[in-house]
Amino acid sequence: MENRSEAGASPYKSLVAAVSYGIASMAMVFINKAVLMQYGHSMTLLTLQQSATALLIHFGRRTGYTRARGVDMQTAKRLLPVSLFYNANVAFALASLKGVNIPMYIAMKRLTPLAVLIAGIFSGKGKPTTQVTLSVLLIAAGVIIAALGDFSFDLLGYGMALTSVFFQTMYLVLVERSGAEDGLSSVEIMFYNSFLSLPFLIFLIIITGEFPNSLALLFAKSNSLSFLVILVISLIMGIVLNFTMFLCTVVNSALTTTIVGVLKGVGSTTLGFVLLGGVEVHALNVTGLVINTAGGLWYSYAKYQQKMSKPPKRISDVEARSK
């Protein structure tokens, strides 16, 4: 499997990695929304996805299909805080999808660069460029305007999405400052992330009361072929999304992953108005989403210019792993 040495991969492989991540990321939002419309236990869904990932990689290593190394306790200890923040981000994101329509969910997740910039200023990272600052402020303004025109406004859903942004910011800043994932292949990062998250997630589904009700509902839903198909697709796509995200960052660059994330967000926002329902069109809401999307595109362009103006070197861009 791929590792960090593949940063100089062929243009074809780089293109395939970027396109694969974009498609997987776009599809995952709709698949998770479809599952949660029938099965509201988001923590249990995440636990199933992470269990499937850990088991697949474990059996792949046992059978020799992957070259991922075995569990190292020092590495696990180093990655534990990173894994907790990552899974808290995903857990709150899934919970927000139960009450927030897809266009607004994507718009709110675009607030991550703003949160990262604020965290960077307070941590002494320095002042961002004028273009970067203005673009993230445009993103934030778009979210506010869109929210004012959101007929399906759900306070709890919005709160969950904003909490997800906070945890994603903490995860990105921690990864950049600690270098916790350095020297690991994309498959190894996936395995440690899934393996370390399971005790935390199992504790959450018990303490929040999801278990055993979520398990009983899962067995009751097992009679529905359509639900089982969507659930299996969700488990498979959870693995595919994580792998393509890490692979895109490894094979291309952090900046490429950021730009792909923004571009897929444009497609997801558009499709979100016509797929799965839940969106009542309002001029104010649409205007806000257009402003938010424009800010996202401007942000990507500003980051691209910022990179091109620097001498060539290996960099770490914390915005790379946004979903």
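Helices, as the term is used in these legends, are DSSP runs of H or I with at least four residues.

**View 1. Overall fold of the predicted model.** In this predicted model, the protein chain has 12 helices and 0 strands, and its elements, read along the sequence, follow the pattern α-α-α-α-α-α-α-α-α-α-α-α. Buried residues make up 50% of the 323 residues in the protein chain. Of the contacts in the protein chain with a separation of 6 or more, 88% are accounted for by residues 24 or more positions apart.

View 2. The unreviewed UniProt entry lists several spans under "transmembrane region", including residues 155-175 and 187-207. Residues 155-175 are 100% helix and 0% strand in the model, and the C-alpha atoms at the ends of this span lie 30 Å apart. For residues 187-207, the content is 100% helix and 0% strand, with the end C-alpha atoms 30 Å apart.

**View 3. Packing of helix α2 with helix α3.** Helix α2, which covers residues 42-62, packs with helix α3, residues 73-97, at an angle of about 130 degrees, and their axes are 9 Å apart. Angles over 145 degrees count as roughly antiparallel and those from 65 to 115 as roughly perpendicular, and α2 and α3 are therefore oblique to each other. The crossing of these two helices, α2 and α3, is right-handed.

**View 4. Residues at the contact of α2 with α3.** On the α2 side, the contact is made by S42, M43, L45, L46, Q49 and Q50, while α3 contributes Y86, N87, V90, A91, L94 and A95. The residues of this contact comprise 8 nonpolar and 4 polar residues, with no charged ones.

Definitions and conventions. Residues numbered from 1 in each chain as written. Predicted model: local features only at pLDDT ≥ 70, side-chain atom pairs only at ≥ 80, totals over all residues. Heavy atoms only, no water. UniProt positions renumbered as here; feature names shortened; annotations may be inferred. Axes fitted to C-alpha atoms, helices over the stretch in contact; angles between N-to-C directions. Parallel < 35°, antiparallel > 145°, perpendicular 65-115°, else oblique. Left-handed = near helix turned anticlockwise from the far one by under 90°. Contact = heavy atoms within 4.5 Å. Nonpolar A, V, L, I, M, F, W, Y, C, P; charged D, E, K, R; others polar. Buried < 20%, exposed > 50% of the residue type's maximum accessible area, 1.4 Å probe, protein only.
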